[in-house]
Amino acid sequence: MTGASPLRTAGRRTARPVPRGLTIVAALSMTACTMAESGRPLGFSDLDGWVADDHAAALAAFRATCAAAAFPAARFPAGPPPGWAALCLAAASAPDPRHFFESAFRPVLSGDPAEALVTAYHEPVLDGARERGGRFTVPLHALPLGLPPGRPWLSRAEIAGGALDGRGLEIAWLADPVEAFFLQIQGSGRIRLPGGGTLRLGYAGRNGHPYRSIGRLLVERGELTLEEATADAIAAWLRADTARGARLMDENPSYVFFRELAGLPPEAGPVGTLGLPLTAGRSVAVDPAYHPLGLPVWIEAATPAGPFRRLMVAEDTGSAIRGPQRADLFLGTGAAAGVEAGGTRSGGRVIGLVPKVPAP
């Protein structure tokens with residue numbers, strides 16, 4: 001839903017020795033080998049803003065991601081990243097965060113930065129209810145049993161028309177169909193319940209239809225310019241004429257189902273593809289065909305708050321996140337994060353950090 005030109009820095013840095021704990025890193029996985037062989041190796045001095053980043057915050061996010069090592073490998077769609085256990089062991093005891101990243105990884109640029117697209121998402125906080133009543137008449141659905149894997153099922157228009165009515169799949173109710181539509185794009189959210197309490201919802205699956213950007217449709221039809229097509233502007237267009245808005249939303253046939261995230265601490269972010277809470281400003285959704293989940297990714301882009309130069313961790317995916325220069329930044333929970341995320345649509349560079357292979 002959500003271009004700036006890529007920037008580079010000049011200068012050199014003296015290479016530092018590899019910490020002893022990293023000499024046990026295993027050989028690269030096939031995915032990481034592909035990245036290293038097909039991409040262009042860079043130096044850390046080539047990363048715009050590398051020195052100024054908060055490497056301690058990046059290391060904290062990476063250490064949190066290492067908790068995935070305690071979960072079944074199936075949580076990694078393509079298996080754990082290369083040398084995962086050794087990397088996590090080294091990260092746990094690394095005294096110098098920047099030293100750790102520079103010693104354990106090497107930057108690799110895959111794809112053409114001219115084609116880069118960096119967007120952002122957030123965890124919405126919405127008013128709603130567990131039961132239908134009053135103004136809460138728009139359902140959010142749990143994943144139906146027996147959904148055919150890998151094949152298109154009921155479309156958004158069919159579901160909006162009542163195709164799931166009477167099956168008891170309603171997991172929550174909202175007041176606004178536009179809020180429900182954008183919640184599906186974000187993939188997770190918090191529902192404030194009447195009388196207090198919060199329901200945390202996470203992505204459970206979808207109906208198998210391809211995602212179609214209604215923002216792009218509005219631009220193609222001359223309703224909005226590319227610069228105008230922010231989340232707020234698209235939402236205002238949808239609400240200006242509810243019947244017209246409903247027809248446009250139905251042109252995106254993809255429909256997302258949710259599950260309740262019981263027991264998730266209030267301070268924790270939503271759950272990403274790895275099954276772990278995301279970290280605001282440090283977790284990013286990528287295409288795992290190019291950037292293995294669990295590994296660091298350097299992002300050069302722009303947000304409404306200004307230039308964005310940051311080391312993040314690949315922890316999430318998305319149906320619209322495809323290609324080596326495509327990234328979706330997780331910016332946090334609530335309205336302020338939503339404003340920043342909705343206004344983020346930037347060019348730049350997406351650079352993977354590939355684990356080093358120990359010398360023979």
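The legends below describe close-up views of a predicted model.

Local features require pLDDT of at least 70 and side-chain atom pairs count only at pLDDT 80 or more, whereas totals for chains, interfaces and linings use all residues. Residues are numbered from 1 along each chain as its sequence is written, and side-chain values use heavy atoms, with hydrogens and water left out.

View 1. Nine strands, in the order E1-E2-E15-E11-E12-E10-E13-E3-E14, form an open sheet with mixed pairing. Strands (E, at least two residues) and helices (H or I, at least four) are DSSP runs numbered from the N terminus, and two strands pair if DSSP finds at least two bridges between them. Strand E1 (40-41) and strand E14 (345-346) each have a single partner strand, so one side of each is left without a neighbour in the sheet. The pairing of E14 with strand E3 (residues 117-123) is antiparallel and spans two bridges; Val118 stands opposite Ser346 in E14.

View 2. Helix H4 (residues 97-104) lies across strands E2 (105-109), E11 (296-303), E12 (306-316) and E15 (349-355). H4 runs at about 65 degrees to E2. Axes are lines fitted to C-alpha atoms, for helices over the stretch in contact, and angles run from 0 to 180 degrees between N-to-C directions.

**View 3. The contact of helices H8 and H9.** The axes of H8 (residues 231-240) and H9 (residues 242-250) come within 5 Å and cross at roughly 125 degrees. H8 is therefore oblique to H9; angles under 35 degrees count as roughly parallel, over 145 as roughly antiparallel, 65 to 115 as roughly perpendicular and the rest as oblique. Trp237, Leu238, Arg239 and Ala240 of H8 make the contact with Thr242, Arg244, Gly245, Leu248 and Met249 of H9. Contact means heavy atoms within 4.5 Å.

**View 4. The disulfide of Cys66 and Cys88.** The structure holds one disulfide, a term for a pair of cysteine sulfur atoms within 2.5 Å. Cys66 is joined to Cys88, with an S to S distance of 2.1 Å. Cys66 lies in the loop between helix H2 (55-65) and helix H3 (84-93) and Cys88 in H3, so the pair ties together parts that are 22 residues apart in sequence. The S-S torsion is about -90 degrees, so the disulfide is left-handed.

View 5. Asp53 lies in the loop between E1 and H2. Asp53 is buried, with a relative accessible area of 11%; buried means under 20%, exposed over 50% and partly exposed in between (1.4 Å probe, protein chains only). Leaving aside neighbours within four places in sequence, Asp53 is in contact with Arg282, Trp298, Arg309, Arg310 and Leu311.
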